[in-house]
Amino acid sequence: MDKDYGADLEDFGNLDLLDDQYEDYKEQPQLRTIIIRNVKLLNPDGLRNLCHQYGNIVSTRKPHAAANIGFVEFATEGEALCAITNINSKLNLGFRAEIVLPKRNPPEKDAKVSVQLNNDEEWQQKSLMKRFNFSFMPPLAIKFPPRALLGTKNDYLSTDTGPLLRKVDPELFFSIQKVLPVECDPKSKPSGATDRKEKQKKKPKPLSGGGHYDAEKKVFRFSNLTKEQEAAFPPFLDCIVCGDFTDATCGKCENPYCSKRCHKQHHVNNVCPPKGQKPLVVPVKYDHFLKRDQLPTKANVCITAVLTQASVFVRSMDPAVEFEYFKLFADCEMESLSDKTPNGTGVKVVAGEIYNAPGAPHGTYGRVLLIEPGPVESKCVFIEHGTISLVRNESLRSIEDPGLKYRKVYVYKVCLANITDEFGEVDKAIKCLNELKGKKLEMKYRMEAGNMVDVQLSTANFTSVNDHINRLITVPPILTDKEHEVFVKYEDIAHKIPSVGEGKSIMILNRMTIKFDGRVTWIDWEDLPYLETLQGKLQSYGKKVSKFERDFTPRLGELCLVRCMERWYRGVCHETAGDRKPSLFLCDYGCMVIADLENIRKIPSQFTTAVRTHDGVVDGLLDAQTGGLVIDSDFLDIYLPENESLTVDISEKKRGSSIDSGVEETYTVLNFHRFSAFTKSLKTKPIQDHTNN
C-alpha cells in the first residue's frame, strides 16, 4: 500500500510548525565554554588574562589549583570560537583549546528501545565536530591610516597662521572644516603655470598681409597695407579714463571711452570736459581685508565648489554681479601678462597674503588666499570659487594693484538644511552636486546671528536639491518578500586585478593558511581608504537592520551582510548547516566565521561593489619550511606582520589546475623584502645554527 504523503505536505507548508522548530532551536544551549590544556602554571585570573582580548568572559575555573586544564566561559559562541582559533595558532605557548560539548543524558536502564540518532541528527553532530576543527578567525581590526582631508579651520585657529588669516579674512569666509575627496577627470586638470605663460606670450602668427604684435597696446597691427585698406580700419584709441583699448568716442567732446562707466565718470554733472583733458586722479583708500555684499534672502545662484554633501560655495547670478565677477578674472589675466617675474621663480610665500595664481577651475588666473606655506607647494584657497588646492610656489605672483587684491568676494559658503547624517551613498550626492555646478538654482535662506541658516536649493523646475541629496544618500532597509527574492552571487561581483610591479605597499589582512600553503590575504595600501569608506557604509546601514525582524537563510555563494563582534561585514555563504549557523567567508578580510541566522541580513545592491582584497603566495616560504625553518607566531609578527605597511614585489605565475590538467591557473606571488633577506642569510649558514640561536 502506498504511503499517504498528504499529512507530510501539510506539515511542510505549516508556518506555525516552522516557528515551533525555530523556538526549539533558540532554546538549545550555546557552546560558549572552552577547555584549555597545559595551563598548570595558570590560575583562574591567569586564564582570564589569556582570553580577555577575544571577548567578554563570564567565568573562569580550574578543577583544582594544580590541574593541567582550565575552563573559560564566554558571552557568545562566536567569541569562544575566536579564542580557540587564536590560542591554537600560538604554537610557542604550548596551549591547546577545544570547545566543550554538552553531555548527553544516558538512556534509562528500563528503557525498552535504545536511543538512536536519525540520519539528520547524526549528520548535524558530525558536521558540528568538523566545523569546530576548521580554521575560523574573526576579521582583523584594521588600523586605517589617517586620511589627509583638505581644510582650513585648523589653520584659522592656529597660533602661527591664525592671526594672519583672520586679519585679511575677519569674517572667516574661507574657514572650511573639511573637503571630501572627489575623483577628478584628468582631462579637466589645469595646466601648469609655465605652460600657460608661454602660451600667453606667444605672438600671433602674421597673416598673409604681414604684421606685428604691439605688446604695449596689446593689439595686432597689420603692415604692407594700401592706403585704401588702412582707411577701412578705425584709428587706435586709448580710453582717456582707464587707458584700455577702445574704438568708441563721445559724440560731443570726442574723447575716447571704453565703457559707459568711464564715460559717466569723466562727465561730472553730465558736463562734457574739454577734448583731451584727463580726469583728476583722486586717491582711493582700500581696506586691506576681504569683504562682500549681503546676498538677498531669495536669489538665483550657482554652485562654484562642493565641500561635502551638505556644504557648498555659491555665487549670485544677478547680471550686474556676474559682470563684475568675470571682469575680475580678466583683470587677473591682465595682471599675469604684465608680470615680469622670470619663469621658474616665485615670490616669498606668507600665510594670509593674497596672490595671483593659475589653475582656477575655469582654467584662468585668479586670486588665491595662501593658507599654509610649504617649501615647494602651499595650501591655498581660490577666492573666486572657494576651492582648496595645493599650488606650486614658483607659480604664485604678487598683485601690485590693491584695488584688485582686496576686491569684493562674490562667493558664499552655505550649509544645506536637513541633510541626513547617514553614512550612505555620500559619493553619489557629491557627484550630483558637482554636476549642478554652473547651473541656475534658486536659493532661500534666513539670517540668524549673522549666519545663513535653513538654506534650501531648488532647480529651475522647482525640484528640491536638498530632498534629492537625501534620497541619494539614504539606503532603505530590505524588508519585503519581493526584495528578498533578489540575490547577488559572489562570483558575479567585480574583483580588482592586483597591480604587478616592484616596491608596492600592501597590508596583510589574514595569514591563517600560511603554514599550509604559504598564502596570505592582502590589500593594496592605496585601497585602504576604499575599504574604510565601505565599512563606514555597512556600519551605518547595520544600525537600521540591527533588530532581527525576519528569518533569512543565504544560498550557497550568496553575498550577504554579517554581524561579527558587533560590527557588520560583507560575507559569502560557504556552508549552510542544519544547526542554523552557516559558515561564511568575509570576502573583504579573507577569513571564515560562523554566524547565527539572527546576525545575517540581506545586502542591498548599493554595497555589492568590487572586492579589492587578494590572495598571494609568499615567495620562498614553503621552501624554507621544507629546509627546517619553524614558522610560529613570533616569527610571523617579525617578518610578516599584520596591520602594517609592507614593501613587496608582486608578480604572477602560472601552474596546472588540479581539476583540469590542460588548463593553467594564474596566482600571485609576493616577494617580501625583509623576509627574502632573512631566507638568503639562512642559505649561508646551516639551519641548525638558526634554530639553536
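Which backbone oxygen lies 3.0 Å from a polar atom of the side chain of N356? In this predicted model, that oxygen belongs to C332. The N356 side chain also has a polar atom 3.5 Å from the backbone nitrogen of G366. N356 itself is found in strand β11, which covers residues 354-357, and its relative accessible area comes out at 0%, so it counts as buried. Setting aside residues up to four places away in sequence, N356 touches C332, E335, S336, Y365, G366, R367, S395, L396, R397 and I399.

On to the nonpolar packing. The largest nonpolar core holds 28 residues, and those touching the most other members are F174, L290, F313, I354, L369, I383 and V409. Two or more residues of this core come from each of α7 (162-168), α11 (319-338) and β12 (366-372); α11 gives the most, with four. As for F174, once its neighbours within four places in sequence are left out, its contacts are T152, Y156, D169, L290, F313, L369, V381, I383, G386, V409 and V411. Apart from this core lies another, of 27 residues, with L295, A299, I430 and L436 among them.

For C253, the nearest cysteine sulfur is that of C250, 3.6 Å away; a disulfide needs the two sulfurs within 2.5 Å, so C253 is in none. C253 has 8% relative accessibility and therefore counts as buried. C432 is buried too, because its relative accessible area is 13% and the cut-off for buried is under 20%.

Conventions:
Residues numbered from 1 in each chain as written. Predicted model: local features only at pLDDT ≥ 70, side-chain atom pairs only at ≥ 80, totals over all residues. Heavy atoms only, no water. Buried < 20%, exposed > 50% of the residue type's maximum accessible area, 1.4 Å probe, protein only. Core = buried A, V, L, I, M, F, W, Y, C linked by side-chain atoms within 4.5 Å. Contact = heavy atoms within 4.5 Å. Polar contact = N/O pair within 3.5 Å; in protein donor to acceptor, adjacent residues only side chain to side chain.
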